[in-house]
Amino acid sequence: MNASPFIISFLIPLLLGPLLFKLDGRKADVFMLIAVVSSFLANLVGVLEYLKVGGAHHIVYLETSSLGEVYGVIIDPMSVLVGFVVSLAGVLFLLYAVDYMSERNKQHPVYSDKGRFYAWMVIFVGATLAFIYSSTTLQLLIFFEIMGLACWGVVGYYKGPKAERAAYKALLVPNFGAMVGLYTTVGIGILKLHDLSIYALQNLNDELKLLVFLGVMVAAFTKSAQFPLYSWLPDAMAAPTPASAFLHGAAMVEMGVYLLARVTQFMQPIPETAFYVMLVFVSLTLLIAILYYPLQKDAKRLLAYSTIAEAGVMYVGVLYAVLGSVYGLQAAMFQLANHAFVKGLAFLTAGTFSYAFGTLDMEKIRGLGKLVPVVGASWFLALLGLAGVPPLGLFFSKAYLFMNASSITSWVGWIPLFLVLADATVFLAVSLGWIKRMVFSEPLQESAEVSPLMRFVLVVLIVLSIVAPFLSVKLVTQIGFMG
């Protein structure tokens, strides 16, 4: 298997991204699009080649006698699926940003310094892709931290006290998780295993396996904004909306899930204690999201709590994978792939509220169905899709989770599944109320303008939100434990 296209797909944004700090205006638009489209095309070439050969391919590029594998890549169904989702989502969200990040945006007009936003976003894309294909714990740590730095850059883009506080919170909370989990894992790799490869994790004894798993769980949960360190994510809504879409739909949050799923995939068998500890935190996360939905009036904050819960659903899959169920691993990745496009659709629709109405306060937005039918349709579909209503993808991934719950051996294991159902029910009830008020109502203003490019991206995301399960299921069902 030739890994070069995948390596090129993350090298292009990592190398070209910093150059965007010096550009602005149309030049920044063009250079950014060249970087992300080139990265996507390289990734697509790799995906098409992989679909011909399949399997799992571990390629080592740097190895030493004392540290074992230091640098390499793993090309397998999980990394190929998630890498493609991230790459495609990154292109669409940044294409939308070309018009969103302009002087025509009523809430956040941008007259200059566009290149700084693009630079951090392109670096974000590159670091996320590099993280996905990593084969050592040292690589995971390095790219985990670069993602955190890029997150800080985009969340604080608009400056001001609120944005700066949110940016530092988004940097420090996941960094705390990295210190607890990934630094510990790298240290154990150096001192105990003398090998930094994630393949080596299965050689740990049960005591160290539990220590590593719980440490990585902390790192993953801080990245995914799970209980108790979840508040940084709603605050991070200070970021420009295309960045929020990427944070929630394809990068930070999902990469926490991917990290813990990856460790679970390579560290079997895992002591059962890990299951019970994880179950408590996942259940509390879902419960908190359920309680917060009815309190939200800001569109992006409502979606932020939805993201916390949807990541919790992914972790329910990982939870059952900890018990040795390969279907749990598959369900988590299926949920991740489907969530990316539905959540991207939801956030970019919310972005049109800022752009056309100058507000994210849902009580001030009326008549979407008459003023901007595409936006009305996308908001309607996005909210119902996040609640798990067909034909959008989250219905299928949540159904897959329930259909393969055979690993549950006690009543305790059914608690998170009950909370998944409760979460969907409450979010649906809240969403129906907002849909009635915002979409099927009389407008408060005579007109609302949304650019053709932004409408185009919304339509593409609607299509992807519906077809994602059918595009991803082949790779999802090939995901298994490694060793």
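Predicted model: local features only at pLDDT ≥ 70, side-chain atom pairs only at ≥ 80, totals over all residues.
Colleague: Which residues make the nonpolar surface patch of about 330 Å²?

Modeller: The patch is made by Val-280, Leu-284, Leu-287 and Leu-291.

Colleague: How do you know whether Thr-264 is buried or exposed?

Modeller: The limit for buried is under 20% relative accessible area. Thr-264 has 0%, and therefore it is buried. Thr-264 lies in helix α10, residues 252-266.

Colleague: Which residues does Thr-264 touch, not counting those up to four places away in sequence?

Modeller: Thr-264 touches Phe-213, Ile-270, Val-318, Ala-321, Val-322 and Phe-481.

Colleague: Let us turn to the aromatic rings. How many aromatic pairs does the structure hold?

Modeller: The structure holds 25 aromatic pairs. One of them joins Phe-6 and Tyr-133, with ring centres 5.1 Å apart and planes at 50°.

Colleague: Why is the pair of Phe-6 and Tyr-133 called tilted?

Modeller: Centres must lie within 6.5 Å for rings to pair; planes under 30 degrees apart count as stacked and those over 60 as edge-to-face, with the rest tilted. For Phe-6 and Tyr-133 the centres are 5.1 Å apart and the planes are at 50°, so the pair is tilted. This pair links distant parts of the chain: Phe-6 is in helix α1 (residues 4-16) and Tyr-133 in helix α4 (residues 114-133), 127 residues apart. Both Phe-6 and Tyr-133 are buried.

Colleague: What makes the pair of Phe-334 and Tyr-400 edge-to-face?

Modeller: Their ring planes are at 80° and their centres 5.7 Å apart, so the pair is edge-to-face; the cut-off for that term is over 60 degrees. Here too, distant parts of the chain are linked, as Phe-334 is in helix α13 (residues 326-357) and Tyr-400 in helix α16 (residues 394-403), 66 residues apart. Phe-334 and Tyr-400 are both buried.

Colleague: Which residues do ring pairs link into a cluster?

Modeller: The cluster consists of Phe-21, Trp-120, Trp-152 and Tyr-168.

Colleague: Where does the charged end of Lys-223 sit?

Modeller: The charged end of Lys-223 sits over the ring of Phe-144, 3.8 Å from its centre. The distance limit is 6 Å. Arg-437 lies over the face of Trp-434, at 4.6 Å from the ring centre.

Methods
Residues numbered from 1 in each chain as written. Heavy atoms only, no water. Phe/Tyr/Trp six-rings, centres within 6.5 Å; stacked < 30°, edge-to-face > 60°. Helix = DSSP H or I, 4+ residues; strand = E, 2+ residues; numbered from the N terminus. Buried < 20%, exposed > 50% of the residue type's maximum accessible area, 1.4 Å probe, protein only. Lys NZ or Arg CZ within 6 Å of the ring centre and 35° of its normal. Patch = residues over 30% accessible without salt bridge, like charges linked within 9 Å, V, L, I, M, F, W, Y side chains within 5 Å. Areas by Shrake-Rupley, 256 points an atom, 1.4 Å probe, with all protein chains shown as cover. Salt bridge = Lys/Arg side-chain N within 4 Å of Asp/Glu carboxyl O. Contact = heavy atoms within 4.5 Å.
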